[in-house]
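The following exercises concern the structure shown below.

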Amino acid sequence: MKNLHELGVVEAAAAIRSGEVTAEALASALLERARTFSRLNAFVTLDADQVMAAARRADQQRQAGQALGSLHGVPIAFKDNINTADMPTTAGTPGLRAHRPRTDAPVVKALKAAGAIPFGKTGMHELAFGISSNNSAFGAIRNPFGDRHIPGGSSGGSGAAVGARLVPASIGSDTGGSVRVPAAFCGVAGFRPTVLRWSQAGIVPISSTRDTAGPLARHAVDLAALDAAVTSDANPVPMKQLSDLRIGVPRSFFWDDLERETASMCEADLDVLKRAGITLIEVDLHEVAALNKAVSFTVALYEVKRDLDAYLRDEGIAPRFAEIVADVASPDVKAGLAPLLNPATAVPVEAYREAIDVHRPKLISLYRACFAENKVDAIVFPTTPLPPPLIGENDSVTLNGRAVPTFATVIRNTDPGSNAGLPGISLPVGLTSAGLPVGLEFDAPAGRDRELLSLAIALEQVLPASPTP
């Protein structure tokens with residue numbers, strides 16, 4: 001048996017079910033590793049007694065011959081914006097520091113019903129409004145491959161915890177790249193489902209149009225197992241031969257202006273895919289840039305006030321959006337949200353309606369036509385244009401000798417698929433010469449989640465394994 005902290009979700013579940021490993025032994029090993037790597041600041045809440053009690057119950061259930069769920073005894077962490085009845089849900093912001101949800105979010109309920117053990121709450125960018133996870137209220141989260149670097153965001157704690165082998169998987173949330181960016185920056189796999197495939201109830205929101213929960217793990221088969229548990233989609237992942245796959249390469253926009261090593265590594269991986277028999281087809285998505293710009297922040301900045309107020313009301317929390325924003329600690333988040341309190345600087349309803357009713361349908365149609373006309377299973381591109389920036393490079397970062405805005409640059413490639421509601425998976429493809437991870441993303445047509453998971457499982461046959469810090 002390999003080191004227990006190296007077990008993936010499916011491996012751990014099988015080992016516990018067979019009795020080869022106890023849930024208690026696995027939980028104990030992971031708690032010890034979390035203590036060893038506490039400098040990463042991956043967790044906001046981690047109650048060792050709570051975890052161990054749940055693990056002992058899991059072992060007692062197995063020994064008693066009870067029916068076991070697909071994830072029985074497997075520890076899974078949850079981003080701190082996902083409601084958990086037995087742990088705080090702060091969304092990384094002072095105004096919710098005392099929030100104790102009455103019930104678990106449906107995503108949490110589904111995973112617990114499958115036998116998973118909640119393993120703490122992972123840190124995040126405040127209110128999920130950023131990609132650095134440099135949180136002024138709860139402290140910066142550090143990248144396990146270089147603790148001077150960011151882990152990505154907003155699900156930074158989830159990426160750091162999975163990348164550092166503190167937990168086999170974590171559930172994050174993704175509005176414009178918040179699962180896939182930390183996956184790429186922390187050397188793991190991250191899956192953004194089609195919008196509304198996973199319930200968004202009980203999760204502190206940004207945008208009901210764009211938000212979705214999604215898993216991070218070290219293996220695509222683990223992402224598929226988590227997706228099956230959450231959606232009750234027990235159908236086997238449809239498997240394809242590599243030689244049957246057709247993947248589009250959208251050169252313009254997605255492959256433009258990449259950091260040198262990111263570009264060379266991702267190009268090398270395209271060659272690996274071709275040698276494996278996959279058909280690569282150049283596709284044209286140059287119109288994505290303008291359409292995405294017309295949708296992205298207009299929708300998010302309009303919906304966040306409406307949707308966060310609705311969440312607060314449903315949770316029975318007295319403060320509303322204005323009070324939560326007043327208490328925001330992170331300067332970048334305050335700068336983004338404070339203008340929304342003033343009617344003169346808030347997003348006008350007319351601009352929002354145009355984004356939702358005109359530009360977003362055009363973006364969706366553009367993607368739909370690209371997949372259909374080129375008969376491709378997915379499109380491929382670097383998840384981020386550059387490796388993880390340094391902690392503190394909140395406003396700007398250097399790319400190819402120029403200062404560029406950090407947030408907009410990091411999410412450049414992940415944001416368009418988010419706005420179109422597509423499923424996407426980031427897979428690790430190795431380390432730069434500085435030892436920092438790089439990710440390659442595959443986006444598929446809306447609703448083709450199981451096919452995309454199948455594709456990712458097949459691709460792992462030829463792409464590099466998740467690196468170890």
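**Exercise 1.** Is Tyr-352 buried or exposed?

*Solution.* The structure is a predicted model, in which local features need pLDDT of at least 70, side-chain atom pairs count only at pLDDT 80 or more, and totals for chains, interfaces and linings use all residues. Residues are numbered from 1 along each chain as its sequence is written, and side-chain values use heavy atoms, with hydrogens and water left out.

Step 1. Buried means under 20% relative accessible area, exposed over 50%, and partly exposed in between (1.4 Å probe, protein chains only).

Step 2. Tyr-352 has a relative accessible area of 5%, so this residue is buried.

Step 3. Tyr-302, at 24% relative accessibility, counts as partly exposed.

**Exercise 2.** Describe the aromatic pair of Tyr-302 and Tyr-352, and then that of Phe-43 and Phe-119.

*Solution.* Step 1. Rings of Phe, Tyr and Trp (its six-membered ring) pair if their centres lie within 6.5 Å; planes under 30 degrees apart count as stacked, over 60 as edge-to-face and the rest as tilted. A search of the whole structure finds 6 aromatic pairs.

Step 1. For Phe-43 and Phe-119 the ring centres are 5.8 Å apart and the planes stand at 65°, so this pair is edge-to-face. Phe-43 belongs to strand β1 and Phe-119 to strand β3, so the pair ties together parts that are 76 residues apart in sequence. Strands (E, at least two residues) and helices (H or I, at least four) are DSSP runs, numbered from the N terminus. Both Phe-43 and Phe-119 are buried.

Step 2. Tyr-302 and Tyr-352 are stacked, with 4.1 Å from centre to centre and 15° between the planes. Tyr-302 lies in helix α9 (residues 288–314) and Tyr-352 in helix α12 (residues 349–374), so parts that are 50 residues apart in sequence are tied together.

**Exercise 3.** How do the axes of helices α4 and α7 cross, and which residues meet?

*Solution.* Step 1. Axes are lines fitted to C-alpha atoms, for helices over the stretch in contact (heavy atoms within 4.5 Å), and angles run from 0 to 180 degrees between N-to-C directions.

Step 1. The axes of α4 (residues 106–113) and α7 (residues 220–231) come within 8 Å and cross at roughly 110°. Helix α4 is therefore roughly perpendicular to α7, a term for angles of 65 to 115 degrees.

Step 2. Val-107, Ala-110 and Leu-111 of α4 meet Leu-226, Ala-229 and Val-230 of α7.

Technical notes
Angles under 35 degrees count as roughly parallel, over 145 as roughly antiparallel, 65 to 115 as roughly perpendicular and the rest as oblique.
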